[in-house]
Each structure stands twice: as structure tokens, then as C-alpha cells.
Amino acid sequence: MSALLSIHDLKSYYGDFQALFGVDFEIAEREIVAIIGANGAGKSTFLKTITGLLKAEPATVMYKGRPIGGLPAHRIVADGIAMVPEGRRLFPSLSVEENLLMGAFTKRAGRWDLARVYELFPILKEKRNSPGTSLSGGQQQMVAIGRALMSNPDLLICDEISLGLAPAVIKEIYEALEKIVAGGLTAIIVEQDVGTAKRVSQRLYCLQEGRVSLQGRSSELTHEQISLAYFGV
Amino acid sequence: MMIWVDAVMQGVLIGGLYALFAMGLSLMFGIMRMVNVAHGDMVILMAFLGLLMTEAFGLGPFAAMAVVVPIAFGIGYVLQRGVLNHTISKDPLRSLVVTFGISIVVQNLLLEFFSADTRAIASGGLESQSVALAGNLAAGVLPLIIFGSAVLLTIALQQLFGNTTIGRAFRATSDDPGAAALMGVNNAHVYAFATAIAIGILGIAGIFHGMRTIFSPTDGPAQLIYAFEAVIIGGMGSFWGTLAGGVILGITQAIGARIDPGWGVLLGHVTFVLVLLFKPNGLFPKTR
């Protein structure tokens with residue numbers, strides 16, 4: 001099984017502040033990997049580096065066997081890595097449908113189009129002409145996920161998609177996500193909620209202060225191991 | 001009574017020209033939050049390019065437009081991609097200082113090549129033709145053409161922004177450049193394309209300005225003021241608002257000039273200050 005994305009010794013900086021200290025990471029095709037960690041552990045930094053929003057040495061991020069570290073974000077999404085960003089980041093002056101269409105900006109071919117997204121989230125079809133930011137939190141998250149799918153990615157990255165949502169809505173979102181990956185997608189899920197992260201993923205990484213503090217098969221890791229890796233001692 | 005109707009009509013027509021000056025300014029501010037201080041000098045630069053086409057190559061003014069607009073578009077693209085993109089930051093001072101510098105450079109290059117003489121673009125008698133209207137009124141053919149162009153361009157820009165992929169990308173990038181990049185939008189290109197359109201419009205506006213009146217290399221800043229005032233009066237983010245802002249500015253100037261010839265420009269400025277005082281977002285700000 002060859003890796004779709006492999007990251008080796010990734011270091012990342014905000015100015016003089018170092019946020020990542022040599023992270024190693026791998027994900028194979030059709031795998032779902034969760035990343036957990038406390039606030040400030042470096043999860044979002046890690047994702048921003050993969051998606052090109054932060055600079056990195058080219059060879060530290062290998063995707064489909066090619067170095068993509070430091071490529072601009074718009075090139076990386078065209079290569080098939082899409083992100084559902086933390087806080088959703090919908091475009092406030094665009095309608096729901098226009099937000100979704102922005103996802104298709106790269107014109108990457110694949111199975112996802114407006115009709116498929118509306119099939120997955122029927123409520124969005126009803127609200128297609130409303131401003132994206134007038135929707136409820138859960139519905140906005142659906143738009144953000146749909147928008148990422150519209151780029152027909154090979155690798156979908158979800159950054160804290162349950163943040164600030166009601167438990168019932170979180171359940172609904174994750175059920176949709178299961179349907180999505182069942183269609184043959186690779187996904188990285190970043191979660192604060194360890195229970196959810198363990199349940200949806202096959203493997204799990206825990207970050208702590210910019211380093212990988214634990215990794216393994218989600219079903220085999222014990223609660224004690226995780227809390228130790230999560231909080232340190 | 002009739003002289004006031006006439007003043008309003010002439011004001012509306014000149015307002016079309018102000019709107020042409022202002023559209024690009026509004027577009028650049030809307031998408032990049034960037035104020036192009038050299039915008040007025042770009043008007044004059046395009047007027048001189050038009051003059052060059054008509055005098056050196058013997059083109060008619062509208063043929064000159066067909067040549068100058070693509071040149072202006074190219075200048076806008078290269079200027080943004082090569083220089084102004086590097087000034088975009090949270091600090092608005094950077095782009096202000098750089099475009100201020102460009103303003104000085106453009107003025108001095110024009111002085112160097114064309115001298116300080118006032119010039120005009122020959123429009124083959126078009127400038128003196130008029131259409132007779134009811135009640136002894138007459139509207140100049142050239143001002144009518146200019147106003148018509150402004151309306152057409154407003155419709156075109158509104159369509160471009162509302163109903164095209166690049167228009168959506170413009171609005172998305174304006175909302176959140178980082179998120180737009182995650183969608184595959186190359187911000188550097190989108191910004192350059194926006195400025196290309198903004199300066200491209202000046203290819204039309206500059207030549208109309210040169211056909212309508214005389215101009216000289218240091219006239220730019222005055223045009224910039226009118227463009228600014230039209231944008232502020234109309235409200236940011238709507239091209240119809242910008243057109244309305246230009247028209248309102250034109251009307252107040254024309255009415256002022258009828259009261260006293262020295263009051264025309266002044267009354268325009270006063271209107272601008274009043275709008276800024278009582279409706280700082282402009283009269284027709286973007287609704288959503």
C-alpha cells in the first residue's frame with residue numbers, strides 16, 4: 001500500500017515562532033486518518049502547511065510521489081487536495097450556490113457536482129439563493145463540505161468540522177462524511193473530540209506542542225495512552 | 001426655470017464621465033482594499049496615448065480607443081502583477097505611498113515626452129454637434145455618447161461581477177483571499193485582472209476626457225478627486241452606486257456653476273463633504 005501523502009520531518013514557523021518540530025505523517029489511499037491534539041498543539045498549522053497556506057521545504061511534503069511543499073495553495077487544490085477550513089470560512093457576499101460553485105473553480109473532473117451535493121444535503125438546495133452566512137451553523141458546515149467536494153479532491157481535509165455545533169448536528173455531519181468517503185475518498189479529520197476522532201478513523205495521530213506524541217490504529221489505542229499523549233504529563 | 005433643467009441635464013451628462021473615472025477606483029478598492037492615487041494620472045496618460053494615436057497614426061478617436069483600451073488593460077495587468085501586488089498588506093499606507101510615487105513618475109514622463117502644453121484630441125466636429133430637445137434645450141452629442149458608454153459599462157461590470165466565474169472569484173477574493181486560494185483562485189492573477197479592467201476602462205474614459213476638454217500632464221490629481229468623490233457619494237461596492245455618485249457630483253457642479261461660475265467645483269466638494277458627514281457609507285451602499 002503506497003502512501004497518497006507522506007510528510008517527513010516537517011518544521012513550520014510563524015516568523016520567529018516555531019510551531020512544528022519535525023512532524024512525520026503518512027496516509028494511504030482510501031484511508032481515514034484522524035489528528036487530535038489540544039489547542040495550540042499545531043494541528044491547524046500542520047493542515048495549513050499541507051494546503052499551501054504556509055511555506056514548507058518542497059521535499060518535506062510528498063503527494064502522489066511528487067514534492068508539493070511550499071507550492072501556492074491554488075496549485076495544491078488543483079492537484080486534488082481540498083480543505084474544509086476551520087470556522088468554515090464561507091464567502092459572505094456569495095449565495096449558497098455561488099459558494100459551492102467557487103469550489104468548482106479548478107474545474108477538476110470527478111463525480112461531484114451541484115446535483116450530487118444537493119442530493120447529499122437537500123436543505124442546501126432549498127436555500128441555494130440565500131447568502132451563505134445567513135444559514136445555521138450546521139448548514140454552513142454543509143456548504144463548506146460541499147464546496148470542498150466540488151473541487152473533486154482525492155484527499156479531503158476537515159479541520160474541526162464539529163466545532164461549535166450541537167451534538168445532533170455533529171452526528172448528521174459525520175453520517176454525511178461516512179457516505180462521502182464510502183465513495184472512494186481519502187480523508188484527514190482533525191478533531192478536538194477524541195471519541196468522534198477514534199470512531200470515524202482507521203488510524204490516529206496525536207500532536208502535542210508541535211510534535212507527534214502518539215500514533216497507531218484507532219481501535220487499538222487505549223484511553224490512557226491518548227490522554228497521556230494529549231495533555232503530556 | 002429652463003436654465004436649471006438645463007443645468008441638471010448637463011450635470012447628468014458630465015456625471016457619466018466622472019463615473020467612467022470612478023469605476024476602476026471603486027473596483028480596485030472593492031477587491032483589494034487598495035486606493036490607487038495614480039488613477040487620475042492614468043486618465044491623463046490614456047488621453048495622451050489617444051492623442052498619439054490620432055496625431056501620429058491618423059486614427060479617428062474611436063479607432064484610437066480600440067487601440068488604447070488593450071494597451072491600458074496590459075498596463076493595468078503588469079502594474080498590478082509586477083508592482084502593486086507586492087504592496088498589498090494590512091497596512092494601507094504601503095500601496096498609498098507606492099501609487100503616489102507612480103503618480104509623480106507618470107506626470108513627469110508625460111511632461112518629458114509631451115511638454116506642459118495643453119492639448120486636445122480632435123473628434124472631427126463631434127464636440128460641437130448637439131441634439132435639439134423640447135423647450136429650447138440641447139444636449140451635446142459627445143456628452144450623450146459618453147453618458148451612454150458609462151451606462152453600458154456599468155451594466156457590463158455588474159454582469160461580469162454577478163454572473164461569471166471570474167466575477168465570483170473577484171467577490172470571493174474580496175471576502176477572504178485565503179479561502180479563495182483554497183478554492184484554487186490565484187490571487188495574484190485575480191488582482192492583476194481587476195486592475196487591468198480598472199485601467200482598461202480608463203482607455204475609454206481618458207480619450208473621452210481628451211475629446212471633451214483640453215488636458216495637460218499635471219491634470220491627473222484633479223480627475224482623481226472627482227473620481228474619489230463619485231465613489232464616496234455613491235457608496236462602495238456597487239457600480240450603479242458609482243454611476244449615481246458621478247451623476248450627483250455632476251449635477252451639483254452644474255447647478256453651482258449656474259449660481260456663480262466660481263461655485264461649480266466648490267459645490268461638488270461641499271456635496272461630497274455633506275455625504276461623508278451624514279451618510280459616510282455613501283448614498284447607495286451594497287445591500288448584502
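In the predicted model, Ile36(A) has Cys206(A) of β9(A) as its bridge partner. This pair belongs to the parallel pairing of strand β3 (residues 32-37) with strand β9 (residues 203-208) of chain A, which extends over 5 bridges. Both strands are part of an open sheet of 6 strands in chain A, with the order β6-β7-β8-β3-β9-β10 and mixed pairing. The edges of this sheet are formed by β6 (81-84) and β10 (211-217) of chain A, each of which pairs on one side only. From one strand to the next, the twist averages 15°.

Two helices of chain A are described against this sheet. Helix α6 (residues 137-149) packs on the sheet through β6 and β7 (155-159) of chain A, and the direction of α6(A) makes about 175° with that of β6(A). Helix α9 (residues 223-231) of chain A lies across β3, β9 and β10 of chain A; the angle between α9(A) and β9(A) is about 35°.

Chain A also contains an open sheet of 4 strands, ordered β2-β1-β4-β5, in which the pairing is antiparallel. Its edge strands, β2 (17-28) and β5 (66-67) of chain A, each pair on one side only. Within this sheet, strand β1 (residues 3-14) and strand β4 (residues 61-63) of chain A run antiparallel and are joined by 3 bridges. Ser6(A) is placed opposite Met62(A) of β4(A). Helix α1 (residues 43-50) of chain A packs on the sheet and touches β1, β2 and β4 of chain A, with its direction at about 65° to that of β2(A).

The contact between the chains takes 21 residues from chain A and 15 residues from chain B. On the side of chain A that touches chain B, the elements giving two or more residues are α2 (73-78) and α3 (96-103) of chain A. This side of chain A comprises 13 nonpolar, 6 polar and 2 charged residues.

In chain B, the axes of helix α10 (residues 239-259) and helix α11 (residues 264-278) come within 7 Å and cross at roughly 135°. At this angle α10(B) is therefore oblique to α11(B). The crossing of the two helices α10(B) and α11(B) is right-handed. Residues of α10(B) in the contact include Ile248(B), Leu249(B), Thr252(B) and Ile255(B), while those of α11(B) include Val265(B), Leu266(B), Leu267(B) and Thr271(B). By class, the contact of α10(B) with α11(B) consists of 8 nonpolar and 6 polar residues, with no charged residues.

Key. Residues numbered from 1 in each chain as written. Chains lettered and ligands numbered in written order. Predicted model: local features only at pLDDT ≥ 70, side-chain atom pairs only at ≥ 80, totals over all residues. Pairing = 2+ DSSP bridges. Contact = placed C-beta atoms within 7 Å. Axes fitted to C-alpha atoms, helices over the stretch in contact; angles between N-to-C directions. Nonpolar A, V, L, I, M, F, W, Y, C, P; charged D, E, K, R; others polar. Parallel < 35°, antiparallel > 145°, perpendicular 65-115°, else oblique. Left-handed = near helix turned anticlockwise from the far one by under 90°.
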